[in-house]
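I opened the model to look up its sheets, its domains and the surroundings of its ligands. The entries follow in the order in which I made them.

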Amino acid sequence: MSSALSFSSICFEQGCWFKGERKIRVADKRVKMPSSMSFRVSANSSVNSEKDIRIGLLGASGYTGAEIVRLLANHPHFRVTLMTADRKAGQSMESVFPHLRAQKLPRLISVKDADFSTVDAVFCCLPHGTTQEIIKGLPTALKVVDLSADFRLRNIAEYEEWYGQPHKAVELQKEVVYGLTELLREDIKKARLVANPGCYPTSIQLPLVPLIKANLIKHENVIIDAKSGVSGAGRGAKEANLYSEIAEGISSYGVTRHRHVPEIEQGLSDVAQAKVTVSFTPHLMPMIRGMQSTIYVEMAPGVRTEDLYQQLRTSYEDEEFVKVLDEGVVPRTHNVRGSNYCLMNVFPDRIPGRAIIISVIDNLVKGASGQALQNLNIMLGLPETMGLLNQPVFP
Ligand SMILES: NC(=O)C1=CN([C@@H]2O[C@H](COP(=O)(O)OP(=O)(O)OC[C@H]3O[C@@H](n4cnc5c(N)ncnc54)[C@H](OP(=O)(O)O)[C@@H]3O)[C@@H](O)[C@H]2O)C=CC1
Ligand SMILES: CC(=O)N[C@@H](CCC(=O)OP(=O)(O)O)C(=O)O
């Protein structure tokens with residue numbers, strides 16, 4: 001395939017590829033694309049297909065990188081051809097993550113040795129603070145989904161205040177699209193560089209944005225109590241994440257000043273067209289993956305919990321990956337493990353005028369790698385569920 005940019009104007013429908021009005025292929029036949037790229041797609045696209053879109057995976061030896069590799073095993077088009085690591089550069093992926101041994105994967109190399117002219121798109125799974133300079137150096141023809149926080153905040157001063165370091169790619173920030181898929185899909189279609197949302201901000205904005213947009217809740221007194229599995233902190237060794245520190249207990253952290261606060265407030269304020277402020281406290285739970293946000297809101301005058309429920313049902317009725325459960329059913333992290341789903345529900349509080357919303361995701365999937373894959377599918381004109389409809393793991 002010659003370039004990822006030329007690919008983006010092509011879309012897939014009912015087993016056929018279309019460019020504009022012109023049908024350019026039928027299922028299961030190889031054709032030459034106008035842009036000189038050729039590939040095979042089947043109507044049942046998980047079989048008989050060649051993986052012709054070359055993916056570069058930066059930070060492949062981390063948790064989100066490994067999760068992308070796991071998901072791509074079931075993707076009919078994306079093939080990982082370039083993988084980078086830092087300390088683990090030189091090792092095989094099989095030695096770092098033996099559960100991925102069945103896949104044919106390239107050896108891990110250092111970012112500085114990577115030849116980006118050999119890939120069509122990039123997932124960037126590097127720690128925040130290291131990413132801006134690396135993305136700045138990539139060929140501009142590449143589609144990029146960045147999983148770090150480096151490009152999520154539009155306001156440069158706010159980024160520098162909350163992340164405690166200067167922004168190193170200010171000129172790129174203007175073209176970035178925030179990748180909260182269900183709510184910004186149209187912008188993502190046209191994007192070259194997508195800032196994938198943080199895991200907490202995903203689980204929080206998905207329920208709150210439709211309610212704020214419909215003026216059903218007040219902009220103040222939003223209280224968020226959130227809990228994450230330890231994989232949310234990445235694979236790097238840290239004392240706070242030792243088994244003996246995590247097991248048999250719950251730890252609050254980032255109290256009053258977690259760096260996801262400005263990201264959550266940015267998204268909510270955009271839809272409110274007014275400043276929305278939240279109280280947000282995250283907690284580390286003795287589990288590997290999974291995330292729950294329990295959100296306490298004050299409803300607008302005259303609004304009932306049923307109105308919130310109906311609004312969420314209507315907003316997400318056509319969405320594959322966001323499900324509003326039947327009335328009264330409590331979302332559980334067990335039910336999203338390994339999947340790209342966000343499950344949510346809304347409950348009346350005992351206190352009149354207030355409601356309680358519960359939202360759960362897998363931090364590594366909808367909170368990171370799954371949503372990143374959903375976004376790259378969209379950026380390349382593919383069905384957004386590709387590679388993401390695996391059966392979840394239970395419990
Ligand atoms: N974990 C989660 O649930 C979520 C994570 N994110 C974000 O995604 C990104 C990746 O997270 P995660 O996979 O958990 O992190 P990990 O710590 O597990 O992995 C980080 C990866 O980056 C590499 N790396 C570290 N430092 C450098 C450097 N200076 N230059 C180049 N490569 C480097 C590591 O290589 P090596 O292994 O060789 O050291 C590893 O491959 C982070 O920005 C994180 O904040 C976003 C949402 C959720
Ligand atoms: C448990 C844990 O430590 N979680 C991480 C959030 C992970 C995430 O969403 O990440 P980024 O904003 O880093 O991309 C944290 O609180 O910093």
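**Entry 1: a bridge.** Which residue is the bridge partner of G56 in strand 7? I found that L82 takes that place. I note that the model is predicted, so I kept to its thresholds: local features need pLDDT of at least 70, side-chain atom pairs count only at pLDDT 80 or more, and totals for chains, interfaces and linings use all residues. Residues are numbered from 1 along each chain as its sequence is written, while chains are lettered from A and ligands numbered from 1 in the order in which they are written.

**Entry 2: the whole protein.** I counted 12 helices and 19 strands in the protein. Helices (H or I, at least four residues) and strands (E, at least two) are DSSP runs, numbered from the N terminus. Of the 395 residues, 44% count as buried. For burial I used C-beta atoms placed from the backbone: 20 or more others within 10 Å of a residue's own make it buried, 12 or fewer exposed, and anything in between partly exposed. Among contacts between residues at least 6 apart in sequence, 69% join residues at least 24 apart. A contact requires C-beta atoms, placed from the backbone, within 7 Å.

Entry 3: I traced an open sheet of seven strands in the order 8-7-6-9-10-12-11, with parallel pairing. Strand 8 (108–109) and strand 11 (177–178) are at its edges with a single partner strand each, so one side of each has no neighbour in the sheet. Two strands pair if DSSP finds at least two bridges between them. Strand 6 and strand 7 run parallel and are joined by five bridges. Strand 9 (residues 121–124) and strand 10 (residues 143–146) are also parallel, over four bridges. There I found F123 with V145 of strand 10 as its bridge partner. Strand 7 has five buried residues out of seven, so it is largely enclosed by the rest of the structure. Helix 2 lies across strand 6 (53–58), strand 7 (78–84) and strand 9, at about 160 degrees to strand 7. Axes are lines fitted to C-alpha atoms, for helices over the stretch in contact, and angles run from 0 to 180 degrees between N-to-C directions.

Entry 4: I then followed an open sheet of seven strands in the order 14-15-13-16-19-18-17, with mixed pairing. Its edges are strand 14 (251–252) and strand 17 (322–324), each with a single partner strand, so one side of each is left without a neighbour in the sheet. Strand 18 (residues 342–348) and strand 19 (residues 354–361) run antiparallel, joined by six bridges. N345 stands opposite I358 in strand 19. Helix 8 lies across strands including strand 13 (222–228) and strand 16 (291–298), and runs at about 40 degrees to strand 16.

**Entry 5: the domains.** How is the protein divided? I recorded domain 1 (4–197 + 368–379) and domain 2 (200–363). The contact takes 17 residues from domain 1 and 17 residues from domain 2. On the domain 1 side, helix 5 (156–163), helix 7 (181–189) and helix 12 each supply at least two residues. Helix 12 has the largest share of that side, four residues. The bounds come from an automatic or database domain assignment.

**Entry 6: ligand 1.** Which residues come nearest to ligand 1? Of the 31 around it, I listed G59, G62, S148, G234 and R235. A residue is near a molecule if its C-beta atom, placed from the backbone, lies within 6 Å of it. Helix 2 (63–72) and helix 12 (365–379) each supply at least two shell residues, and helix 2 gives the most, with three. The shell divides into 12 nonpolar, 15 polar and four charged residues. Ala, Val, Leu, Ile, Met, Phe, Trp, Tyr, Cys and Pro count as nonpolar, Asp, Glu, Lys and Arg as charged, and the others, Gly among them, as polar.

**Entry 7: ligand 2.** Around ligand 2 I found residues including H128, S148, C199, Y200 and G367. Helix 8 (199–213) and strand 15 (278–284) each supply at least two residues of this shell. I sorted the shell into six nonpolar, six polar and no charged residues. Why does ligand 2 lie between domain 1 and domain 2? Both domains give residues to its shell, so ligand 2 lies between them.

Definitions and conventions:
Two residues are in contact if their C-beta atoms, placed from the backbone, lie within 7 Å.
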